[in-house]
Amino acid sequence: MSEIPATPRSRRKWLLRLAALALTVMAFLALLTWFFATPLMENVLLPAAAHRMLHANIDTTGLDIYPILKADTVQFSDFKTPNAPVLSISNLEAPWRWPARDGRYIDSFSASDATLQIQSGDTMESNLGFVIGLLNAPSSGIDPMPYIPRTIDIAQIKAGIYLQDWHTRLQGLALAASIDAIDRAHLRLYANDAAIEWRNPLSNAVESSSFELSSASVTGTPAGYEAQLELHAPDLADITLAARMADEGAMHIDVPAATLYPAYWRGLAAGLTGLDLQFDPIQIEGAAFEGSKQGATWENWTAQAGLHTPHFSLAVPEIAAAEGPLSISLSGSQEEALHATVSASFGEGQHLSLSSEGKDPISWSATSEGIPAVWLAPAAARVNNAVLNQFIQESHLALNAAGTWTSGTLKGNAELNFTQAGRALKPLVLNFERGADHFEAALESRQEDALLRLALRQQQDSGMLVEASATALPIAAWWPQPLPLGLDGLITASVSADFTDVGNVPWQATLQSDRIGSTATGWPESMPLQASLTGAIETPGTVRVSGEAAFGGGNMLKLEDTRYAAGTLTTSLECAIYLEDWAAFGGVPDLYGDLVVQASLQAAGEQLTGNFTATAERLGHGDFALPYRSAITLQSQATWNTATRAGVLNELQMALPPGTAISSASVDLNPLETGYDIAMKATRIESDLAQLAKLGYAESAEGTFNADLPLLHAGGGELRVEATGIAITAATLFLSDGGPRFFDLSLSGAGNYAPGEQITGALQASRVESGGARITAISGTWNFGDAGLKFSPLNATLFGGAVEASAVLQPLTEGLPITFNATFENVDLAAFTTEMKPPDVNLTGIVRGTVQVAIAAGQLTLFEAHLEANEGVTINRDMVESILLSQQFGGVTGAAVTRTLRKVLGDEPQRPFDSAAMDLTLEDGRITGDARLESESLGLTVDIKADPKAILEALRARQQNP
């Protein structure tokens, strides 16, 4: 290496700041001595002078200037941070002369201790800015030598650096200096029980270590300055360093060997980067630098260094550490142009290299192979997301970048290639340009025909415009795959935000797709989607949103007054749902209807609360539709936990058409493996039966229906209903389509519907009319349980006789099966003939018997009847003749047959029989049976084996052809 030239003029610059400090101390101490008794000096002149000369505040105690300049303490601090002094000196002594002897005012300077303290971080005591400003202050041009002491002796030096997450302190150092002239100066720093202390941010523990300084000195020579350093600290470093500093800013530094120990440097790295770096001692070899400083830049410089450690690891929370040996080499030079290279190898097959060359412009490039993805974005690894963490842990990164750097512009491009489990993923391409008045960057990724793009643009004196877009993106590429639903389809999306005013950042977003579908059971095969949102970021952490989304045939979501601030979300929304689109996917394929929901909601963390109103114009399931042709409205105060998927609907109110209402104090919703567990508490149902007539289920109705249900619980395939009161009261209830007519109907009950339990009650009616028959004085009991709805016994009066019956309906069973059993006593056939008016039949007598009927899915599946009478039975003669013609004469008619029958039966219109019996049954969908009529006076027994309908047809045929 060539000898560095030196000139006496330029050497003075090396001691300029030291002279300025000494001059300032002397000037202030002298002024303070002259005006020591005046408050004006202490309160006004001294602070003003300090501010003008050093832009600093100087505080002293125990000041005395004659015959020796003395002070107990001297502190230098910024006016902005008076409680954080940068430099403190104790027990200062400096003999001085006036006039100067041999051109020097001060022979010696001594102090018991000096403390240099630099603080940074977001605190009110940060003085780092003041220190940087003082070091960069321009020279005053004053000759420093008359004000520099010939000798300097500081018995103890302490130094401390305090960052936001890390601090270190040195103590036990001392300084001895002999300064005869600028080119004959010698400064020696030596150790007196020296120690270093630091706080490890990883463990928050304070650690310390002692160290030795074999040599730490700076010597001035006619050729410049020479510095030497030999440091041995078992927990810090072993360093040997030699440096030469010459005029015109020329410098040469050699570090033949150095070792950095992890105990100290690992904590420093954690405090500066937030990362947990682990490594064995780092060996630095062949480090050297040579260059010349011109103003604020270095020119004509060369540099080289090598670094190696046998084991190095990077540990990120929730990500396995990347580890292996680490080697780094660097070299560079700048004469006519820049030439620099940096290369690093890490672990097995992981390499990184950087190179640049040129002057204006400078071209640069970077390549890498096998670098863990966690190195690219360590902050992303802290996201508590299993999919992202797995991707970061398993992925490696290859980087290829190139660009140019001119005096005004830096621009380039980079391609990032990821591999996961040996599979190459689509690359990301970054293009950027930064000039004196603008900055632009765009990150793009292509996947077949899809393009993802993130762009940032900023002009001078304006905010930043951020745009993100996706074109023809397969939704499956970003849909979270662990979810049991896989979606497909292409979407196009864009988001843009204007950061011109950081207090109010407007943004807008659009999303559209011609088809979003899925192979999942029940999901619509094709569902178009279109969404548009606008909003603003008002302050950090406060966001406003409004917009609308439409999807499928009739689904819509509209947001208004949506605001996110301080972790809390408030919104007003309207949602229209076409249930046919989602019924099968929700597990109820036969559900249909339209639902409109309006809600005002608040969300904090995982808790969602608010009020909502749901309106259904139509709603049904399969063949069952809610029996209302106008809107059904549901209102409630809701609480929902998004993590547990559990919620509560409080003060639930369901408004049906006028006259019908359902209310519930609360509805608890708790998720099961399939479906939900639903518990409705304190439910009240009130309805005016007149609604049945308005809806067409009755010709007319006058009455009410009320029910009080303390609990209605459904879940896990079981249903439980607790009823304290169920009541139907109707003065009249006339069902439509010729159905029964009820008079003075009363039904009441209470109990529980659950396995092994039942709801029981009583039934009464003064009269029921059906098919021309009148059933009167109806009374009985009923119960609703495992066997369905059962009426037993039912007692009534029919055609003057007594009827005792039972019936069972199973409303929760498919096909709605019904069974009916009845026993008749003392039924008057004359009353039956009078009221029912059967065609061509006239009966008299008293009958008894039984009937059994079963119906399922609207079809008669069982019919069995037995009727008998032992006295007073008469049948009109025409009917008896028709029976005999059918049974005895094969249906043959004529005058001779008629005369024969008249001789047997006589001329009376009613033919008496001593006894009668009939058995009817259902065969092949037709009612058939056996009948037996006996008359001792006629000596006649008639057995009938025919369809009753066929007998009536034969009777009509005879009357038409006598």
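**Entry 1: the chain as a whole**

How much accessible surface does the protein chain have, and what share of it belongs to carbon and sulfur atoms? I looked this up before anything else, keeping in mind that the model is predicted. The accessible surface comes to about 51900 Å², and carbon and sulfur atoms hold 57% of that area.

I then turned to burial. The protein chain has 962 residues, and 35% of them are buried.

For secondary structure, I noted 13 helices and 58 strands in the protein chain.

**Entry 2: salt bridges**

How many salt bridges does the structure hold? I found 18. Side chains of opposite charge can pair when their charged atoms come close. I examined several cases in turn.

**Entry 3: arginine 563 and glutamate 538**

I noted a salt bridge between the side chains of arginine 563 and glutamate 538, with 2.6 Å from N to O. Which strands does this pair connect? Arginine 563 belongs to strand E34, which covers residues 555–565, while glutamate 538 belongs to strand E32, which covers residues 529–539. The pair therefore ties together parts that lie 25 residues apart in sequence.

Is glutamate 538 buried or exposed? Its relative accessible area is 17%, so glutamate 538 is buried, the cut-off being under 20%. Arginine 563 has 35% relative accessibility and therefore counts as partly exposed.

**Entry 4: glutamate 560 and lysine 558**

I next recorded the salt bridge in which the side chains of glutamate 560 and lysine 558 meet, at 3.5 Å from N to O. Glutamate 560 is partly exposed, at 40% relative accessibility. Lysine 558 is also partly exposed, with a relative accessible area of 30%.

**Entry 5: glutamate 686 and arginine 684**

The side chains of glutamate 686 and arginine 684 form a further salt bridge, for which I noted 3.1 Å from N to O. For glutamate 686 the relative accessible area is 36%, so this residue is partly exposed. Arginine 684, at 26% relative accessibility, counts as partly exposed.

**Entry 6: a network**

Which residues are linked with Asp107 in a network of salt bridges? I found Arg97, Arg101 and Arg150 linked with Asp107 in this network.

Conventions. Residues are numbered from 1 along each chain as its sequence is written. This is a predicted model: local features need pLDDT of at least 70, side-chain atom pairs count only at pLDDT 80 or more; totals for chains, interfaces and linings use all residues. Side-chain values use heavy atoms; hydrogens and water are left out. A salt bridge is a side-chain nitrogen of Lys or Arg within 4 Å of a carboxyl oxygen of Asp or Glu. Helices (H or I, at least four residues) and strands (E, at least two) are DSSP runs, numbered from the N terminus. Buried means under 20% relative accessible area, exposed over 50%, partly exposed in between (1.4 Å probe, protein chains only). Accessible areas come from the Shrake-Rupley method with a 1.4 Å probe; for residues, only the protein chains shown count as cover.
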